[in-house]
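User: I have a model open and want to learn how to read it. Where should I begin?

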Amino acid sequence: MIPVVFKMPFVEGRAFNVGAATLDEIGAAAPEVSMIHVILPQHLRTLAHAGAEVELEVAAPVTQRSVLDALEARYPMLRGAIRDHVTLQRRAFLRFFACEQDLSHESPDAPLPDAVTSGKEPFIVIGAIAGG
Amino acid sequence: MSRVRVLVGTRKGAFILTADGKREDWQVDGPHFSGWEMYHLKGSTADPNRIYASQTSGWFGQIIQRSDDGGKTWHQPGTPPGETKTPDGMPKGESNKFVYDTSADTGKPLTTHQFYDGTQHPWEFKRVWHLEPSLTDSDTVYAGIEDAAIFRSTDGGKNWKELSGLRGHGTGPKWQPGAGGMCLHTIILDPSNPQRMWIAISAAGAFRTDDGGKSWKPINRGLKSQYIPDPDAEVGHCVHHIAMNPRRPGVLFMQKHWDVMRSDDAGDNWKEVSGNLPTDFGFVIDVHAHEPETIYVVPIKSDGEHFVHEGKLRVYRSKTGGNEWEALTKGLPQKDCYVNVLRDAMAVDTLDKCGIYFGTTGGQVYCSADAGDSWNPIVRDLPAVLSVEVQTLA
């Protein structure tokens, strides 16, 4: 399968703005931005009209929460399909894998592995094994 | 010439079956939403091209889909066909959001109901079981959900607000899930009184509003259920489905867990009309479009054996509003058949003669173009059928 890659400009430049002045204008350093690869299961690709893998720019710190926030900002139709609309808790039958580890039970605010942050490894959203 | 459009929801997608008024040659379109559980699809009577669909998944949650062209194309409400809204041109649909009302509007916001083990359990949204479009406004639609509550959208399914008076009236802590979950599965609108609606919940019972959904009252007098400590309790009954002929509002027919019931006073009182049925357990019940005393059920062997009795698929018809039933078997398998017919999987068209439709857990959808006298399969090998609705089109 040939992945279809979508690129997203960083969200409305808000992280770079302080009031009317940009961080550059006030001499502050821009936050580090990482290009994160996210792999989606088939049904979510269909919902999002996306390919198997999407690319997202995510500002540091790169965590489950910040990646999923960026994913849902890019694909609003996925809101509620990965995390509960209100509590933002992971849906019970979904798992988050990366670097051959199950990160599903990690804190949503824990930093993701360096290999994910550097873009070498994808962050994988996958349906849990359920049923016979 | 009139046409019919049958909307079929299955465990693994939706199918649309169409035919002319003879109902002999069928076109099968689908699967739509392949791989998803399609709990219910229903068209608007105000605009037959407007169809709402409940797309759900244990993995990915709830999506509401809408078609504005009779099922040819679909979109999530909030994304009109062809319209793109995100800065880079992607469709801005949203998974639909059903959030229980915990505001002061409810008077006493509910947070728990009775669970399987008798303890109190938090209300948790799981899925939409039933969608009921308004009779007069195609943008207004009601949703019956699990855990049991009723929501309304007035913008074509984009935004949903709970009619919280139902959960807030006081008996909620006594509601409990049936085997299929605590679902609000039946919504009936009164064509003669826009302020009146009926709903049914497994396992809580039937409820009615006379003020447009602000307040509700249980209407279960006459129901007897041996599986609850007080068989005559105000709530706790496992009502499986209710049907009403829209030409005769207020006369209701109910398939309860066990027992077929009728009410002639809008649900205030019920009496049993199981009569000579071989078993009065079942899920579906429906009413002939032109003969309001002609009703249909599909008896199921028992609560522990969810398949038809004696291996024979038989629809039972009463032309006397209950008690006296005849088996309808012509064209239906009469041996080695062990399917179920689920609560929303029967429908009637309004042609003359009235067409009756039902779908089975074995994936068959049957049609009778002569009010039940004879039956033919439209399709035989779909995924398990969850719901069947029919639109009669000019």
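Analyst: We will go from confidence to fold, core, contact and hairpins. Keep in mind that this is a predicted model.

User: How should I read confidence, and which elements of chain A have the lowest and the highest mean pLDDT?

Analyst: The general idea comes first. Where pLDDT is low, the predicted coordinates should not be read in detail. Now the case here. Chain A has a mean pLDDT of 80, with 74% of its residues at 70 or more. Among its elements, strand β1 (residues 17-18) of chain A has the lowest mean, 31. Helix α4 (residues 114-117) of chain A has the highest, 96. Residues 1-23 of chain A have pLDDT below 50. In the model, that stretch makes 32 contacts beyond near neighbours in sequence.

User: How many helices and strands are there in chain A?

Analyst: Chain A has four helices and seven strands. From the N terminus, their order is β-β-α-β-α-β-α-β-β-α-β.

User: In what order do the strands of the open sheet in chain A lie?

Analyst: Five strands form this open sheet, in the order β4-β3-β7-β5-β6 (chain A), with mixed pairing. Its edge strands are β4 (53-59) and β6 (101-102) of chain A, and each pairs on one side only. Strand β3 (residues 33-39) of chain A runs antiparallel to β4(A), and seven bridges join them.

User: Which strands does helix α3 of chain A lie across?

Analyst: Helix α3 (residues 64-74) of chain A lies across β3, β4, β5 (94-98) and β7 (123-127) of chain A. The helix runs at about 120° to β4(A).

User: What about burial? Which residues touch the most other members of the largest nonpolar core?

Analyst: As a general point, nonpolar side chains tend to be buried together in soluble globular proteins. Here, the largest nonpolar core has 137 residues. Those touching the most other members are Val67(A), Val8(B), Ile242(B), Tyr357(B), Val365(B) and Val388(B). Follow Val67(A): residues up to four places away aside, its contacts include Ile36(A), Val38(A), Leu112(A) and Phe123(A). For chain A as a whole, 30% of its 132 residues count as buried.

User: Why does Ala52(A) count as partly exposed?

Analyst: Count the C-beta neighbours. Ala52(A) counts as partly exposed because 17 lie inside 10 Å, while a buried residue needs 20 or more. Ala52(A) sits in the loop between α2 and β4 of chain A. Its C-alpha atom is 16 Å from that of Met77(A), 25 residues away along the chain.

User: Now the hairpins. How many residues join β1(B) to β2(B)?

Analyst: Two residues link β1(B) and β2(B) in a hairpin. Eight bridges join strand β1 (residues 3-10) of chain B to strand β2 (residues 13-20) of chain B, and the two run antiparallel. Gly9(B) is opposite Ala14(B) in β2(B). Next, β2(B) forms a hairpin with β3(B), with six residues between them. In that turn, Arg23(B) has a positive phi of about 60°. Four bridges join β2(B) to strand β3 (residues 27-32) of chain B, again antiparallel. One bridge pair is Leu17(B) with Val28(B) in β3(B).

Methods:
Residues numbered from 1 in each chain as written. Chains lettered and ligands numbered in written order. Core = buried A, V, L, I, M, F, W, Y, C linked by C-beta atoms within 7 Å. Buried ≥ 20, exposed ≤ 12 C-beta atoms within 10 Å, placed from the backbone. Contact = placed C-beta atoms within 7 Å. pLDDT = per-residue confidence, 0-100. Pairing = 2+ DSSP bridges. Axes fitted to C-alpha atoms, helices over the stretch in contact; angles between N-to-C directions.
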